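Work through the exercises below with the sequence and the 3D structure in view. Each task is followed by a solution in steps.

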Amino acid sequence: MNPAQRNQEAVVSHAEATLVSRSCEIPDVSFRAFLADQNAPRVHWASPDGLELVGGGAAAHLTASGPKRFDSLRDEAEALFADADHEGPEATRPRMLGGLSFDADHEETPPWTGFAAATFVLPRVQLTRGDDATWLTVVEYGPDATVDSAADALDAARESLSELPMMRPSGGSPGVADRHWRTPKREWTAQVERVTERIRSGDLLKVVLATALDLELAEEVDIPDVLERLRRTYPECYRFLVQPTDEAAFFGPPPERLVKRAGRSVETEALAGSMPRGETPEDDADYAESLLESEKLQHEQQLVADTICEQLEQFGDVTARDKRIRKLSNIQHLQTPISATLDGDAHVLSLVEALHPTPAVGGLPLEAALETIRETESFDRGWYASPVGWFDADGNGEFAVGIRSGVAGGKQATLFAGNGIVGDSDPEAEWDELQPKVRPILDELE
Ligand SMILES: C=C(O[C@@H]1C=C(C(=O)O)C=C[C@H]1O)C(=O)O
């Protein structure tokens with residue numbers, strides 16, 4: 001069966017199915033304990049503004065591949081959400097959680113087993129935290145879903161939730177037994193050298209080069225545990241988990257918003273250019289100052305801001321605010337907040353399609369940069385640096401850029417980090433700049 005036939009079949013089966021979603025408020029519970037109790041698929045989303053979702057199982061599943069993957073997702077989502085019957089507060093409305101691979105022609109080779117070129121899940125059981133309350137939601141989807149079956153499922157889910165411990169003792173870190181860079185320092189700096197030469201020769205402006213750090217863990221990784229610890233160490237970041245099967249989980253605390261759409265309002269940002277945090281307030285301010293004064297970093301970041309604004313202009317009125325410093329626990333970046341007011345009702349997936357990959361993770365001009373990345377990088381990006389997030393029936397949603405991330409299963413983990421390279425990039429300095437980008441997860445595993 002070709003993908004078009006398969007999509008056709010999926011749309012037909014959506015037409016025969018009913019979506020019933022029921023929610024109730026519950027006393028606050030440990031999201032970590034809930035997640036640990038769920039079988040795959042498991043998903044988690046937390047945004048710095050306070051919304052937290054965690055889901056287990058799939059009432060429905062959307063996957064797509066190839067250059068038309070966004071069209072296919074939008075069509076299937078429309079069919080899936082048509083006539084959805086939801087009872088519960090707005091925060092608990094049905095949302096598809098997941099993401100896409102960096103390239104449309106992605107293959108499911110390890111460590112990306114179970115990760116299609118686009119995978120979204122409508123969780124069967126979900127916890128939502130927001131507006132100072134916590135809710136439990138159950139979704140039934142299929143030809144046999146009814147209001148009664150959803151109500152029964154909600155009762156059963158509430159019952160099993162009451163058996164979960166309120167607090168779950170935090171496990172220790174698994175420990176790292178062995179590690180190696182997929183592209184070790186000498187090779188990676190040589191790659192940077194080649195790319196800077198190509199940029200100076202004229203056909204390219206910027207390329208983001210990444211590498212991967214493979215880890216052999218001393219014990220199996222407990223992902224819910226790691227996510228809980230990341231909540232404390234990186235409260236200013238997003239946190240996400242996409243785990244289609246028990247074999248592999250993609251997760252991390254990315255700082256970067258790709259796009260948020262709420263009705264006509266769109267928020268995004270250009271985040272690029274990095275400096276460490278200082279040991280003292282004075283050192284820290286010096287680093288911030290050098291971010292603001294470095295012509296190289298200003299140029300690198302301006303390319304990102306200009307491209308994002310250009311891409312958004314087709315959808316409405318765009319405003320870029322002044323550049324500022326975005327400080328994270330272990331690194332600081334240059335940031336331009338960008339907002340737009342939509343002319344029409346573009347789906348958040350259409351905005352993602354237009355923006356991904358921004359020059360913060362791809363480069364400029366895009367096609368030449370992507371070709372350079374494919375020729376140069378010695379690993380498969382898989383879902384690294386790709387859009388991860390959620391969307392709902394109205395085409396609202398929010399996506400982060402899947403950086404500061406890793407893919408893990410059993411005793412294996414692979415972490416990713418990349419840097420924007422421009423004509424005057426210094427390979428040694430770029431290598432040093434990569435190191436803090438694997439720290440968020442590495443620190444939790446070591
Ligand atoms: C590519 C990554 O980060 C991106 C690249 C940055 C840079 O080049 O300075 C900064 C922030 C991110 O947009 C990464 O963390 O892997």
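**Exercise 1. Contacts and overall form**

Task: State what share of the contacts in the chain with a separation of 6 or more comes from residues 24 or more positions apart.

Solution. Two residues are in contact if their C-beta atoms, placed from the backbone, lie within 7 Å. Among contacts with a separation of 6 or more, residues 24 or more positions apart account for 77%.

Before going on, note that this is a predicted model, in which local features need pLDDT of at least 70, side-chain atom pairs count only at pLDDT 80 or more, and totals for chains, interfaces and linings use all residues. Residues are numbered from 1 along each chain as its sequence is written.

Next, count the elements: the chain has 11 helices and 21 strands. Helices (H or I, at least four residues) and strands (E, at least two) are DSSP runs, numbered from the N terminus.

Then check the size. The radius of gyration is taken over C-alpha atoms, and the globule rule is 2.2 Å times the number of residues to the power 0.38. For 446 residues a compact globule would have a value near 22 Å, and the chain agrees because its own value is 22 Å. The C-alpha trace spans about 65 × 50 × 45 Å along its principal axes.

**Exercise 2. The shell around the ligand**

Task: Which strand gives the most to the shell around the ligand?

Solution. A residue is near a molecule or strand if its C-beta atom, placed from the backbone, lies within 6 Å of it. There are 19 residues around the ligand, and Ser274, Ala360, Ile403, Gly418 and Gly420 come nearest. Strands S9 (206–217), S13 (265–276) and S21 (412–421) each supply at least two residues of the shell. S21 gives the most, with five residues. The shell divides into 10 nonpolar, six polar and three charged residues.

**Exercise 3. Strand S21 and its partners**

Task: Which strands pair with S21, and in what sense?

Solution. Two strands pair if DSSP finds at least two bridges between them. S9 and S21 are antiparallel over 10 bridges, and threonine 211 stands opposite alanine 417 in S21. Strand S20 (residues 406–409) is also antiparallel to S21, over four bridges. Alanine 408 has alanine 413 in S21 as its bridge partner. The hairpin of S20 and S21 has two residues between the strands, and glycine 410 takes a positive phi near 55° there.

Now test the cover of S21. A residue is buried if 20 or more other C-beta atoms lie within 10 Å of its own, exposed if 12 or fewer, and partly exposed in between; C-beta atoms are placed from the backbone. Nine of the 10 residues of S21 are buried, and in the chain 49% of the 446 residues are.

**Exercise 4. Buried or exposed?**

Task: Aspartate 132 and arginine 404 each have a positive phi without being glycine; decide how each is placed.

Solution. Aspartate 132, with phi near 60°, is in the loop between S6 and strand S7 (133–142). Aspartate 132 is exposed because 7 other C-beta atoms lie within 10 Å. Arginine 404, with phi of about 55°, is in the loop between S19 and S20. Arginine 404 is buried because 29 other C-beta atoms lie within 10 Å.

Notes. Nonpolar A, V, L, I, M, F, W, Y, C, P; charged D, E, K, R; others polar.
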